[in-house]
Every structure is written in C-alpha cells, then in structure tokens.
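User: Hi! Could you walk me through the aromatic contacts in this one?

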Amino acid sequence: MWYTARMNMKIAFYALAACSLALPCAAASSSQGGDAGKYVPEEWNVKARERFVNDRFGVFIHWGLYANYAQGEWYLLHGRLDEKAYSRMMYGFCPSKFDAREWVRTVKAAGAKYITITSRHHDGFSLWPTKADDGYNIANTPFRRDILGELAQACREEGVTLNFYYSLMDWHRKDYPAGFQSRKVLGSQKGDYRSYKKFMLAQIAELIENYHPANIWFDGEWDHTRHENGKWLRTLDWEMDSIYDFIHARHTLVGNNNHQTIRPKEDFQIYECDLPGGGEKVVFSKHQPVVNDRPIEQCDVIQHGAWGYRIVEGFRTPQDIVALVARAASRDSNLMMNVGPDGSGQFPAGAVKAMLETGKWFARNGESIYGTRGCKVARGLDVVSTRRGGTIYLHFLNPKVDEISFNIEGRIVEAVYLDGGKPADASVQDGVAKVRISRRQGDRFDVVVKVTVE
Ligand code: GLC
C-alpha cells in the first residue's frame with residue numbers, strides 16, 4: 001500500500017525552525033485569560049523548557065484515596081458519594097506495598113525520563129504532610145509516610161525528573177467557590193477565593209521548596225467556565241497571572257490543562273488525550289490552537305478509561321504506547337503516559353508489563369524520539385517522522401503500510417533500519433524520495449528508518 005506525504009523538505013525545515021526553543025517566546029493572545037502582560041522567559045526558564053522537550057517521554061501518576069475505591073479518580077462525584085463519608089477513607093489509606101524506588105525504576109525501564117504525580121487531585125487530599133491545610137493529607141493516614149518526599153528522593157537518586165500535578169478545583173474545602181462540576185459535590189457553596197488562593201500558594205511554596213519539582217501542572221480550571229455562543233467564558237478570576245509569577249519566582253515551570261488557548265506565562269501547552277493539532281478524535285482540544293512558540297505535552301492513559309486505578313482492568317498494548325509517543329513527537333510534542341497505582345501502592349501488573357515492553361523498544365529506537373523535533377515529512381497516523389538536524393526518522397506504525405514517498409531537494413546519503421543498522425530500500429527520482437521497508441519476523445510494531453539527507 002502506498003502512502004504519500006508531499007512536502008517540500010525545505011519548507012518543512014523552515015516551518016520547524018520556527019518552533020525552535022532558542023527563539024524568544026512571543027506572547028500568545030491573552031484574549032481568553034484576562035491576564036495581561038508580556039512574559040519574557042529568563043535563561044533558567046528557556047533551559048528548563050528545552051530539557052523538558054528533549055525528554056520527550058514521561059509517566060503520569062494518578063494516586064490518592066480514590067485508589068482504595070478502585071473506581072477512578074472522579075468516584076466521589078460520579079458515584080454521588082457524600083464527601084464526609086468519602087474522606088473517611090483517609091483513615092483506611094495504608095498502601096503497604098508502596099516502594100518509591102521500585103516505581104521510579106519501572107518508569108525508567110519503560111524509557112520515560114520524568115514523572116508527574118498528583119500531589120493533590122480534585123478530591124482535595126494531599127499526598128504530602130502539608131502544613132497548609134486542615135489535616136486532609138497523608139500525615140493523618142495510618143501510613144503517615146511522606147509519599148512525595150520518598151518519590152523525590154528516589155527520582156533524585158535514579159536521575160528522573162519529578163513534576164507535580166495540582167488541582168485548582170477542590171471538592172473538600174469550605175473556602176473553594178463551587179463551579180459547574182464541583183457543585184455536584186459541594187452544592188452552591190460560595191467559598192472565599194481570597195482564602196483559597198492563599199491556601200494554594202502556601203501549598204505550592206511547600207511543594208517547590210521541599211521537593212524541587214521541574215514543573216507544576218494545573219488542572220480543573222474549567223470548573224469555572226461557561227460555554228456561550230461558541231465561546232468559553234471564565235466565571236471566576238483565578239488571578240492566574242500572579243500565581244504564575246509566584247511559581248516562576250521559584251524557578252519552576254508551569255502548565256495548565258484548561259483546554260484553552262495558552263496564556264503568555266504558561267511554559268508549555270497541554271493536550272489531554274487528543275493529538276496536538278487533531279487526529280482521529282478531538283475531544284478536549286476544540287478550543288486549543290497549537291502554538292509553536294512553546295513546548296507541547298500530550299497526556300493519555302495506559303488503563304482504558306481511567307487515570308486513577310479502576311478494578312475493571314484493561315491496558316494499552318506496548319504497540320499502542322509507542323505509536324502514541326511517535327505521533328506526538330512528530331507533532332513536536334512530548335507524550336506522558338498515565339498509570340494509576342492501586343490501593344496497595346503498586347502499579348497494576350498489566351501496566352508494568354506494557355511499560356517494560358515499551359522500554360525494550362526505546363532501548364533500541366530511543367534515538368528517534370529523545371531530543372528530536374517534530375517533522376512534517378510524514379505526519380499522518382500510519383507513518384510519522386521526527387528529525388534531528390539533517391536526519392529524519394521515519395516511523396512505520398501501521399503493519400499494513402510499508403512505503404512512503406515525499407518531496408525532497410537534495411539527496412539521501414543513507415537510509416538504515418534503526419534497529420539493526422541494515423540498509424533500507426530508498427531512492428530519489430525527480431525530487432521525490434521513496435523509502436520502502438520489509439518487515440522482519442518479530443517486527444510487531446513501529447519500524448524506524450533513519451534517513452540522512454544532504
Ligand atoms: C481531567 C480529569 C482528571 C485528570 C486529568 C488528566 O482533567 O478531570 O481527572 O486528572 O484530566 O489530564
């Protein structure tokens with residue numbers, strides 16, 4: 001079967017140069033944010049963004065009291081539970097099998113370079129012994145151990161970067177002003193945003209000062225949005241600008257999974273499940289144009305239909321994971337794959353199996369992902385491409401597709417299978433390059449051809 005990607009390579013490289021992180025970041029439209037002000041990232045910030053992009057593959061971890069209920073992280077709301085009853089699970093949270101070192105080693109073995117863990121999800125429970133709240137945190141469980149502290153130490157020792165997811169929406173506190181989702185738990189609670197913001201900043205300061213994350217990953221802002229005449233309107237002024245200043249002053253990056261146009265001070269753009277720029281399905285990113293001046297991160301789940309652990313198990317195949325990673329990388333995006341540990345503190349066995357297989361692929365083909373940039377030569381779903389300077393990596397993801405052609409000015413110096421180094425069938429005629437692979441026995445997924453162009 002033929003797959004044709006007609007793209008003048010010169011144009012492709014020009015377009016990619018425009019994404020270069022070395023460029024100063026232009027301020028994106030702030031029309032949706034109400035947060036005025038240009039932001040010129042400092043040197044530490046530019047470097048941190050570049051490190052983030054080069055890592056390309058991370059593991060997301062959703063973990064909290066909800067792991068004990070084993071019904072996903074929204075169970076309090078979806079299960080229509082009473083919050084007081086739900087929160088009593090704090091006294092039953094004792095994940096005796098939790099071993100931070102083992103988690104980090106599994107993440108590394110999967111080929112991932114960083115972890116982003118839910119320091120506090122929508123249910124409001126904190127995974128570290130925070131002094132900023134009313135005691136709804138790990139210190140008051142029978143487990144007592146500082147989960148984030150242990151994880152930070154293991155990450156440091158194993159050379160894995162740590163980031164913290166932090167929920168803006170809260171289903172527990174009295175000062176949180178209820179929005180359209182949280183109302184289902186909190187009723188019409190008015191709250192007191194001044195007080196809530198103070199609490200959040202105190203927690204964020206603790207997180208940064210105690211554990212030194214590379215980024216803070218916000219979620220839940222959409223609780224205060226309303227859709228009207230094709231537009232999203234914000235129903236609460238979160239004063240995000242000042243929150244971002246607070247985080248930047250502590251030399252930490254910030255991203256916000258608000259499903260909206262990126263604000264000037266956000267360091268990277270988050271795509272929840274959807275492929276940045278559109279793919280087979282577009283669920284959350286309808287109002288999120290891709291910006292090319294900052295890094296992009298797509299996140300998705302390894303366990304079907306769940307971020308937090310669910311007792312009904314079913315996991316992505318390693319083929320699936322590799323395809324997600326390669327497609328994201330071809331769009332110049334990181335991929336963060338989520339795993340939800342269970343109530344015992346362990347990654348589910350099915351997830352571990354898929355992660356370790358993924359890691360085997362990375363061990364042989366990682367060069368085509370880490371430190372690469374997106375490439376428009378092939379950007380469909382069956383064959384995608386990444387690049388590093390004059391080298392293009394063609395990822396053949398669909399077992400039924402074994403050939404690709406694309407426009408080229410210049411010549412192919414070499415085309416080899418990345419796994420094994422044998423030459424691949426490549427030719428150029430009248431400015432059209434053709435690369436053809438023959439799958440070997442045992443090639444179950446993503447065959448990568450490394451093409452050196454002159
Ligand atoms: C959604 C969900 C949340 C999950 C997040 C991860 O915003 O509300 O449960 O943490 O996506 O991207």
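Predicted model: local features only at pLDDT ≥ 70, side-chain atom pairs only at ≥ 80, totals over all residues.

User: How many aromatic pairs does the structure hold?

Analyst: There are 29. Rings of Phe, Tyr and Trp (its six-membered ring) pair if their centres lie within 6.5 Å; planes under 30 degrees apart count as stacked, over 60 as edge-to-face and the rest as tilted. Phe-60 and Trp-217 form a tilted pair, because their ring centres are 4.8 Å apart and their planes are at 55°.

User: Which strands do Phe-60 and Trp-217 lie in?

Analyst: Phe-60 is in strand β2 (residues 57-61) and Trp-217 in strand β5 (residues 215-219), so the pair ties together parts 157 residues apart in sequence. Strands (E, at least two residues) are DSSP runs, numbered from the N terminus.

User: And is Phe-60 buried or exposed?

Analyst: Buried, at 1% relative accessible area. Trp-217 is also buried, at 1%. Buried means under 20% relative accessible area (1.4 Å probe, protein chains only).

User: New topic: which ring does Arg-173 lie over?

Analyst: Arg-173 lies over the face of Phe-199, 3.6 Å from the ring centre. Lys-113 lies over Tyr-370, at 4.4 Å. The criterion is NZ of Lys or CZ of Arg within 6 Å of the ring centre and within 35 degrees of the ring normal.

Technical notes: Residues numbered from 1 in each chain as written. Heavy atoms only, no water. Helix = DSSP H or I, 4+ residues; strand = E, 2+ residues; numbered from the N terminus. Buried < 20%, exposed > 50% of the residue type's maximum accessible area, 1.4 Å probe, protein only.
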